[in-house]
Amino acid sequence: MVDYSEEIKKYHILTYGCQMNVRDSEIIAGLVESMGYIETNSPSDADLVIFNTCSVRHSAENKVYGKLGEINKFKKNNKELLIAFGGCMAQLNEVQQKLKNTGVDILFGTHNVHELPRLIEEANQEKNPILRVWDKEGTVVESLPSKRKEGISAFVNIMYGCNNFCSYCIVPYTRGRERSREPQDIVAEIKELAELGYKEVTLLGQNVNSYGKGLQNETDFSRLLYKVNEINGIERIRFTTSHPKDMSDNLIDAIRNNNKVCEHIHVPLQAGSNKVLKLMNRNYTRDHYLELTKRMRDRIPGVSITSDLIVGFPGETEQDFEDTLDMVDKVKFDAAFTFMYSVRTGTKAASLEEQIELETKKERLNRLNKLQYSIATEINKSLEGKTVEILVEGTSKTNTERLTGRTRCNRIIIFSGSKDLIGQLINVRIEEGKTFSLFGDYVS
Ligand code: SAH
Ligand code: SF4
Ligand code: F3S
């Protein structure tokens with residue numbers, strides 16, 4: 001018998017950052033598998049290690065540099081090992097400079113993912129590092145192969161890029177201008193997912209509210225929701241992210257009127273002071289946000305509202321920060337991701353003079369978290385005794401004897417039950433509400 005195992009090349013992908021990157025990594029996996037590579041869970045076995053990176057905060061970048069050093073050491077034992085480096089960091093000039101002579105063989109941009117197979121072939125022949133980073137987005141590339149992770153819930157891109165230029169944010173520089181996929185391509189992809197047994201889709205875009213602009217037959221996000229709602233087999237539709245400045249009544253109605261669209265809106269407030277919101281270039285005020293969230297709550301019974309919040313934006317005074325606390329107290333977010341402002345070179349806010357000291361940022365983050373956690377705990381406690389519909393996603397990470405799923409409002413719930421329930425919509429009675437999750441009992 002001939003042993004072919006030596007000839008089959010193995011790849012390993014390291015994914016950082018948001019759902020966009022998770023989705024891109026599925027495409028990267030599909031592309032390299034179409035070249036004959038197979039996946040390995042351990043990077044030390046791999047012939048190809050691909051970094052899919054995030055540059056949204058300094059800490060995200062640091063993690064990547066640390067890991068790169070670790071992976072580079074494997075080159076000692078495996079001279080053929082290729083390191084490919086893509087994602088948002090790869091778009092940045094500063095990073096490109098830093099990566100010179102660091103063992104990276106292929107540096108590929110967010111607009112060049114589809115070219116990866118050719119770049120890998122080139123790199124296997126050529127020893128010099130390859131740089132392939134378009135500054136500007138190309139047209140949307142459809143029909144790339146992809147290898148999705150699991151069979152219940154899937155991410156579906158509906159648009160790419162961002163035009164908002166919030167002054168703190170690097171994303172518009174790393175992901176280019178906004179462009180939407182054609183509705184028929186999105187619907188076709190979701191129909192295929194339904195046929196494969198997926199029950200839930202999450203529609204992805206940096207700002208889904210502006211979906212459809214620039215398409216030949218202009219459409220909008222609410223119309224897309226009506227179309228996706230008709231697809232048989234899909235039971236739940238989620239989406240992220242919404243921008244408070246252009247959340248229309250049509251969209252609120254579409255969420256209410258389509259039974260599969262879950263009552264959960266992630267609509268980041270970022271800051272509570274009008275002065276800071278203006279400096280952030282967010283284009284709304286506290287009053288607008290309060291009125292919007294009230295309208296969402298009035299029109300969508302039981303809606304859950306979640307947010308992202310930044311503390312320590314340049315120039316943020318104690319009073320400005322207290323305005324954020326005040327908004328958190330008034331809106332009562334079901335959950336929030338909280339961040340310390342991180343300077344991103346090339347963004348507007350990086351050149352603002354009054355940068356806030358790290359100690360102050362830490363102290364504000366602690367106070368904000370304390371408040372937000374107490375609100376989340378209170379909300380979750382108020383749900384005790386209620387029976388809710390959940391989609392069972394799998395076994396709990398902390399206790400494989402138990403199952404985990406999500407409510408329509410995106411709350412995580414842990415309960416006991418048979419593994420046959422995975423992938424099904426079932427009812428669970430909430431027994432205990434904690435800060436980040438619920439515990440319950442299966443109601444047959
Ligand atoms: N398009 C989405 C997500 C953007 S990135 C949106 O607008 O909501 C996710 C979150 O990271 C942002 O909402 C923001 O809260 C945070 N973020 C972005 N840039 C940051 C920075 N420089 N420092 C700290 N947090 C940041
Ligand atoms: Fe960044 Fe603002 Fe665009 Fe979100 S909307 S990606 S925060 S620029
Ligand atoms: Fe990070 Fe890029 Fe997403 S910067 S948050 S991976 S769009």
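Tutor: In this predicted model, what covers the buried residues of helix α8 includes α7 (221-229), β11 (236-240), β12 and α10. The buried residues in question are Leu251, Ile252, Asp253, Ala254 and Ile255.

Of these covering elements, α10 can be described in some detail. Helix α8 (residues 249-257) and helix α10 (residues 286-299) pack with their axes 10 Å apart and at an angle of about 30 degrees. Because angles under 35 degrees count as roughly parallel, α8 is roughly parallel to α10. The crossing of the two helices, α8 and α10, is right-handed. On the α8 side the contact is made by Asp249, Ile252, Asp253 and Arg256, and on the α10 side by Leu292, Arg295, Met296 and Arg299.

Threonine 240 and threonine 241 are joined by a cis peptide bond, with omega at about 5 degrees, and threonine 241 has its place in the loop between β11 and α8.

Strand β12, another of the elements covering α8, comprises residues 264-266 and includes histidine 264. Histidine 264 counts as buried because its relative accessibility is 11%, and the cut-off for buried is under 20%. Its side chain is joined to that of threonine 306 by a polar contact of 2.9 Å. If residues up to four places away in sequence are set aside, histidine 264 touches Arg238, Phe239, Val303, Ser304, Thr306, Arg408, Cys409 and Asn410.

Over residues 148-378 the chain is 39% helix and 16% strand, with the end C-alpha atoms 36 Å apart. Over residues 381-444, by contrast, the chain is 3% helix and 53% strand, and the end C-alpha atoms are 23 Å apart.

Asparagine 410, one of the residues that histidine 264 touches, deserves a separate look. Asparagine 410 lies in the loop between β16 (403-407) and β17 (412-416), and its phi is near 75 degrees, a positive value in a residue other than glycine. With a relative accessible area of 26%, asparagine 410 is partly exposed, whereas histidine 264 is buried.

A positive phi, of about 60 degrees, is also found at serine 143, again a residue that is not a glycine. Serine 143 lies in the loop between β6 (130-132) and β7 (153-157), and its relative accessibility of 73% is why it counts as exposed.

To finish with another loop, lysine 75 is found between α2 (58-72) and β4 (82-87). Leaving out residues up to four places away in sequence, lysine 75 touches Leu81, Ile83, Gly103 and Asp105. The C-alpha atom of lysine 75 is separated by 46 Å from that of glutamate 316, a residue 241 residues apart from it along the chain.

Notes:
Residues numbered from 1 in each chain as written. Chains lettered and ligands numbered in written order. Predicted model: local features only at pLDDT ≥ 70, side-chain atom pairs only at ≥ 80, totals over all residues. Heavy atoms only, no water. Helix = DSSP H or I, 4+ residues; strand = E, 2+ residues; numbered from the N terminus. Buried < 20%, exposed > 50% of the residue type's maximum accessible area, 1.4 Å probe, protein only. Polar contact = N/O pair within 3.5 Å; in protein donor to acceptor, adjacent residues only side chain to side chain. Contact = heavy atoms within 4.5 Å. Axes fitted to C-alpha atoms, helices over the stretch in contact; angles between N-to-C directions. Parallel < 35°, antiparallel > 145°, perpendicular 65-115°, else oblique. Left-handed = near helix turned anticlockwise from the far one by under 90°.
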